[in-house]
Amino acid sequence: MRVSRAQAEANRETVINVASRLFRERGFDGIGLKDLMKGAGLTQGGFYKQFESKDDLAALASRRAMESATRRWSSVAALSPDPLQGVVDLYLSAGHRGETGDGCPLVALGSDAARQSVEVRKPFQDGIKAHLQVIEELLPASGDDDDAPRKAMAMLALMVGAVTLSRIVTDEKLADRLLEAAATEAKRVAAPEAAE
């Protein structure tokens, strides 16, 4: 049975969304095309009509995941009385630690993405830049032009690292302490530096 152009596009979007979640849950190499397509409610046969390769899908799914994460940060910031603290609290939470399928793709796929093609790594680079921009815009004003980018980089690295470590350990109390320590340090990094 022939599928309409609109249905084919809807199917493609479904596959990208499902792949975005499943890659975060299982890693790029942790799931095959057959299971990806099954997760989308489609047969494997239609894959190559929609995508050039698994790398093509991985790049599209990664872009979707990174854009979703950036939008989530922006939404939380817009709804919080202290926008930067709202983002930090969301990111460094036990809830986010447990969101393996919908959580941050930098945490879920960072080390995996580093071993992928440039095509797959590019959406992560773009997403990192977008995350840094959100943090920079939320930081308190400073007289030093280099201060906000430096602080944003330190905060993002600290936050991604803390969530990554908290997902690795099996001791829940240690996992919570890692997130709490990172939240305290993120607040310290974000604070305006005292004038000398």
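Helices (H or I, at least four residues) are DSSP runs, numbered from the N terminus. This is a predicted model, in which local features need pLDDT of at least 70, side-chain atom pairs count only at pLDDT 80 or more, and totals for chains, interfaces and linings use all residues. Residues are numbered from 1 along each chain as its sequence is written, and side-chain values use heavy atoms, with hydrogens and water left out.

**Salt bridges**
- The whole structure holds nine salt bridges (a side-chain nitrogen of Lys or Arg within 4 Å of a carboxyl oxygen of Asp or Glu).
- Asp 126 and Lys 122 form one, with the closest N and O atoms 2.7 Å apart; being four residues apart in helix H8, they are separated by about one helical turn.
- Arg 63 joins Lys 122 and Asp 126 in a network of salt bridges.
- Arg 72 pairs with Glu 99 at 2.8 Å between the closest N and O atoms, linking helix H4 to the loop between H6 and H7, 27 residues apart.
- Asp 147 and Arg 150 meet in a salt bridge of 2.5 Å, N to O, and both lie in helix H9.

**Burial**
- Asp 147 is buried at 3% relative accessible area (buried is under 20%, exposed over 50%, partly exposed in between, with a 1.4 Å probe and protein chains only).
- Arg 150, at 45%, is partly exposed.

**Helix packing**
- H8 (residues 118-138) and H9 (residues 147-168) pack at about 115°, their axes 9 Å apart (axes are lines fitted to C-alpha atoms over the stretch in contact, and angles run from 0 to 180 degrees between N-to-C directions).

Note on methods
Helix = DSSP H or I, 4+ residues; strand = E, 2+ residues; numbered from the N terminus.
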